[in-house]
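Please look over the chain below before reading on. The questions that follow it move from the whole chain to single residues.

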Amino acid sequence: GVGVGFSLLLVIHRASRPYNAILGRIPGTMTYRSVRRYTTVQVEKVKIFRFDASLNFVNRAYFEECVLKVATGKHVHSKVDNGAVPEIIIIQCTSINGIDTSALKTITKLVKLLKKRNILLLLCSAKWDIR
């Protein structure tokens, strides 16, 4: 009864607001990790952003909100990297297993919006199925 209902709500909440991070390179390696959890090096004016879920109608608004916060230096991880406003945002897609049409429209909208702000939005490491 109540336990099942609570578990279902928790699953929906986690799906709609997955973990996400600004990434930096761990010095002396080619490994990129969260700037909040590790000591990292970043390229000036470039932000690498990872969203740890498939993109769909459930979380597309949250994804958009997070990317816009990265663009303005207001993402929760921006406090670690001095809140620098980027010229390039790279979406690191290894954790994205799928994208539905509503999320694709959101990405298209973000590309256009950020272009008006002179910020280039790029995708990298996308799985073959979502290219």
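Predicted model: local features only at pLDDT ≥ 70, side-chain atom pairs only at ≥ 80, totals over all residues.

Residues are numbered from 1 along each chain as its sequence is written, and side-chain values use heavy atoms, with hydrogens and water left out.

Q: What is the radius of gyration of the protein chain?
A: The radius is taken over C-alpha atoms, and the globule rule is 2.2 Å times the number of residues to the power 0.38. For 131 residues a compact globule would come out near 14 Å, and the chain agrees with this, having a radius of gyration of 15 Å.

Q: Is serine 16 buried or exposed?
A: The place of serine 16 is in helix 1, which covers residues 2-16. Buried means under 20% relative accessible area, exposed over 50%, and partly exposed in between, with a 1.4 Å probe and protein chains only. Because its relative accessibility is 17%, serine 16 counts as buried.

Q: Which residues does serine 16 contact, leaving aside its neighbours within four places in sequence?
A: A contact means heavy atoms within 4.5 Å. Once those sequence neighbours are set aside, serine 16 is in contact with Val58, Asn59 and Tyr62.

Q: How is the aromatic pair of phenylalanine 51 and phenylalanine 63 classed?
A: Rings of Phe, Tyr and Trp (its six-membered ring) pair if their centres lie within 6.5 Å, and planes under 30 degrees apart count as stacked, over 60 as edge-to-face and the rest as tilted. By this rule there are four aromatic pairs. For phenylalanine 51 and phenylalanine 63, the distance is 5.1 Å centre to centre with 80 degrees between the planes, and the pair is edge-to-face.

Q: Which parts of the chain does the pair of phenylalanine 51 and phenylalanine 63 tie together?
A: Both phenylalanine 51 and phenylalanine 63 are buried. Since phenylalanine 51 lies in strand 3 (residues 46-51) and phenylalanine 63 in helix 2 (residues 60-72), the pair ties together parts 12 residues apart in sequence, namely strand 3 and helix 2.

Notes
Helix = DSSP H or I, 4+ residues; strand = E, 2+ residues; numbered from the N terminus.
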